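Please look over the sequence and the three-dimensional structure shown here before reading on. The report that accompanies them is written for a reader who is new to protein structure.

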Amino acid sequence: MYKLIAIDLDMTLLDRNKNISYRNKKAIELAKKKGVKIVLCSGRILKGVMYFAKVLGLYDQVIVACNGAIVRDLKKNKDIYYIGLENEKSLEIARICKENDIYYHYYFQDTMIARRLDYSSKFYYEKNKELPEEERINIIIDDSENTLKACADLITKFVIIDADLKKVDYVRKIIEREISGIETTKSDINILEVMKEGVNKKSALEFVCSYLGIAPEEVMAIGDNENDLEMIEFAGLGIAMENAIEELKEIADYVTNSYDDDGVARAIEKFVLGETINV
């Protein structure tokens, strides 16, 4: 019996319109009723993960944000795990991005600070218009060195994005070559993420398992991209979405349907509920 289900958000639980289908919601609700812990594990900023936890009614659960840099106990309403980049490394990442004229934003606690309003910052800026004030992402457009320095060692993650995939990969190589003590991964083909060395979803999930008294073999994890690789390997049952990258499918124990075809619900039905939800 699996006691914990770790679920990625984008291109896993969320459909292409960034919504959660009725079948996915129902499967999670039924698994929770059986006593299974539901842990959303996302690269998104903390408030962004908290929003979807609220949509799912996961008020008493633990969530993982910023690709494993933050673990929040929602019942206690406090962070129980928080790992930030050393400020000098953040300054170097920003320098390399500016030298190569590529977009970036970074997360300082629960604030998104972006070089310019574009890509993710533009998406959240527009999304904020639909949300009540307490659920909005705080966005600051500022690429100054002084602002970055003021964040000290509390920056959890840099996100670097460009439509030119080769440019993203080129910048990744420079960052990995010139800066030590960091961890890089991708959450999509054109989205590079940089955290402190050792920060990933697996490390955060290991902490969650210890915190909740759950063994790795009792964990089921579902994901789609490079930043899910360690988590899928760690879990007793690692599940890849049909739309996942090939590298993830190769190490997964099972491949479920795509994110647009209730893949999360189908996996929960098969391995936890033992029944198909009628929709």
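## How the model was read

This is a predicted model, in which local features need a pLDDT of at least 70 and side-chain atom pairs count only at pLDDT 80 or more, whereas totals for chains, interfaces and linings use all residues. Residues are numbered from 1 along each chain as its sequence is written, and side-chain values use heavy atoms, with hydrogens and water left out.

## Salt bridges

Side chains of opposite charge can pair when their charged atoms come close. A salt bridge is here a side-chain nitrogen of Lys or Arg within 4 Å of a carboxyl oxygen of Asp or Glu, and the structure holds 29 of them. Helices (H or I, at least four residues) and strands (E, at least two) are DSSP runs, numbered from the N terminus. In helix α2, which covers residues 22-33, Lys26 and Glu29 form a salt bridge with an N to O distance of 3.6 Å, and these two residues, being three apart, are separated by about one helical turn. Glu29 also forms a salt bridge with Lys33, whose closest N and O atoms are 3.3 Å apart; Lys33 and Glu29 are four residues apart in α2, again about one turn of the helix. An α-helix has 3.6 residues a turn, so residues three or four places apart point the same way.

To describe how covered a residue is, buried means under 20% relative accessible area, exposed means over 50%, and partly exposed lies in between (1.4 Å probe, protein chains only). Lys26, at 24%, is partly exposed, as is Glu29 at 35%, while Lys33, with 63% relative accessibility, counts as exposed.

Arg172 and Glu226 form another salt bridge, with their closest N and O atoms 2.7 Å apart. Because Arg172 lies in helix α7 (residues 165-178) and Glu226 in the loop between β12 and α9 (229-234), the pair ties together parts that are 54 residues apart in sequence. Both Arg172 and Glu226 are buried.

## A buried lysine without a salt bridge

Which side chain of opposite charge is nearest to Lys89? Lys89, which lies in helix α4 (residues 87-99), is buried yet has no salt bridge, and the nearest such side chain is that of Glu86, 4.8 Å away.

A polar atom of the Lys89 side chain does, however, lie 2.8 Å from the backbone oxygen of Ser180. Contact means heavy atoms within 4.5 Å, and, leaving aside neighbours within four places in sequence, Lys89 is in contact with Ile179, Ser180, Gly181 and Ile182.

## Helix α11 and its ends

Helix α11 (residues 263-273) is largely enclosed by the rest of the structure, because eight of its eleven residues are buried. The buried residues are Gly263, Val264, Ala265, Ala267, Ile268, Glu269, Val272 and Leu273, and they pack against β1 (4-7), α1 (9-13), α2, β12 (219-223) and β13 (237-240).

Most residues other than glycine have a negative phi. Asp262, in the loop between β14 (254-255) and α11, has a positive phi of about 55 degrees although it is not a glycine, and Asp262 counts as buried at 16% relative accessibility. After α11 comes Gly274, whose phi is positive, near 75 degrees. Elsewhere, Lys18, in the loop between α1 and α2, is not a glycine and has a positive phi of about 65 degrees; Lys18 is partly exposed, with a relative accessible area of 29%.

## A nonpolar surface patch

Leu117, Tyr125 and Ile141 make a nonpolar surface patch of about 270 Å². Patches are made of residues with over 30% relative accessible area and no salt bridge, with like charges joined within 9 Å and nonpolar side chains (Val, Leu, Ile, Met, Phe, Trp, Tyr) within 5 Å; accessible areas come from the Shrake-Rupley method with a 1.4 Å probe, and for residues only the protein chains shown count as cover. Leu117 lies in the loop between β7 (111-114) and α5 (119-128) and is partly exposed, with a relative accessible area of 38%.

Methods
Lys, Arg positive; Asp, Glu negative; His and termini not counted. Polar contact = N/O pair within 3.5 Å; in protein donor to acceptor, adjacent residues only side chain to side chain.
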